[in-house]
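I set down what I looked up, in the order in which I looked it up.

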Amino acid sequence: MSRTGGFRLHVPETPDTVHREAILEPLRAYNQAQAGDGRHRPVAILLRDDDGIERGGLWGSIGYDWMFVDLLVVPEDARGQGLGAALMAEAERIARADGCVGIRLDTFEFQARGFYEKLGFTLFGTIEDHPVGSRRYFLSKRIDGEA
């Protein structure tokens with residue numbers, strides 16, 4: 001553990017939600033002082049099979065007038081049925097209803113860049129070698145009528 005100006009660096013072996021909150025709380029306070037209330041809230045759109053079992057869907061959040069899609073998955077046996085597009089359409093409906101300017105997300109090269117581009121998302125960044133030998137793409141889509 002290093003000591004810097006009255007503080008020590010500590011790396012927990014098993015970080016948990018308490019550790020995350022210790023970091024997030026002062027960051028939220030700073031962000032709010034700089035940019036106002038971000039109106040942060042989680043968003044979940046679940047896929048339930050015929051047995052009522054939740055087997056995929058979309059997880060994201062809304063904050064500072066944008067939706068962030070963190071996770072999106074359609075089970076392999078249900079792909080090709082338009083469920084991914086339906087999840088994204090519902091996310092866009094929620095984002096519009098919340099007054100969002102747009103939606104942002106990221107995807108690995110081996111995932112779904114083309115899928116998102118077909119839905120109107122545009123590339124705004126790339127990280128090479130993430131994972132090594134591949135890329136990670138960052139995409140966004142404005143939904144407020146601006147280009």
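I took two rings of Phe, Tyr or Trp as a pair if their centres lie within 6.5 Å, with planes under 30 degrees apart counted as stacked and over 60 as edge-to-face. The model I searched is a predicted one.

**Entry 1: aromatic pairs.** How many aromatic pairs does the structure hold? I found 4. One of them joins Phe 108 and Phe 110, whose ring centres are 5.2 Å apart. The angle between their planes is 5 degrees, and I recorded the pair as stacked. I then looked up the accessibility of Phe 110: this residue is exposed, at 55% relative accessibility.

Tyr 116 and Phe 121 make an edge-to-face pair, with 5.9 Å from centre to centre and 70 degrees between the planes.

**Entry 2: a charge over a ring.** Which ring does Arg 113 lie over? I found Arg 113 over the face of Tyr 137, 4.5 Å from the ring centre.

**Entry 3: salt bridges.** My search of the whole structure returned 14 salt bridges. I examined several of them individually.

In the bridge between Asp 98 and Arg 39, the closest N and O atoms are 3.3 Å apart. Asp 98 belongs to the loop between helix 2 (83–97) and strand 6 (102–108), and Arg 39 to the loop between helix 1 (17–35) and strand 3 (41–48), so this bridge ties together parts 59 residues apart in sequence. Asp 98 counts as buried because its relative accessibility is 17%, under the 20% limit. Arg 39 is partly exposed, at 37%.

Arg 48 pairs with Glu 54, with 2.8 Å between the closest N and O atoms. I recorded Arg 48 as exposed, at 60% relative accessible area, and Glu 54 as partly exposed, at 42%.

For Glu 109 and Arg 135 I noted a closest N to O distance of 2.7 Å. Glu 109 lies in the loop between strand 6 and helix 3 (113–118) and Arg 135 in strand 8 (residues 135–142); the pair links distant parts of the chain, 26 residues apart. Both are partly exposed, Glu 109 at 34% and Arg 135 at 29%.

**Entry 4: shared partners.** Which residues do salt bridges with shared partners join into one network? I listed Arg 39, Arg 41, Asp 65 and Asp 98.

Notes:
Residues are numbered from 1 along each chain as its sequence is written. This is a predicted model: local features need pLDDT of at least 70, side-chain atom pairs count only at pLDDT 80 or more; totals for chains, interfaces and linings use all residues. Side-chain values use heavy atoms; hydrogens and water are left out. Rings of Phe, Tyr and Trp (its six-membered ring) pair if their centres lie within 6.5 Å; planes under 30 degrees apart count as stacked, over 60 as edge-to-face and the rest as tilted. Buried means under 20% relative accessible area, exposed over 50%, partly exposed in between (1.4 Å probe, protein chains only). A charge sits over a ring if NZ of Lys or CZ of Arg is within 6 Å of the ring centre and within 35 degrees of the ring normal. A salt bridge is a side-chain nitrogen of Lys or Arg within 4 Å of a carboxyl oxygen of Asp or Glu. Helices (H or I, at least four residues) and strands (E, at least two) are DSSP runs, numbered from the N terminus.
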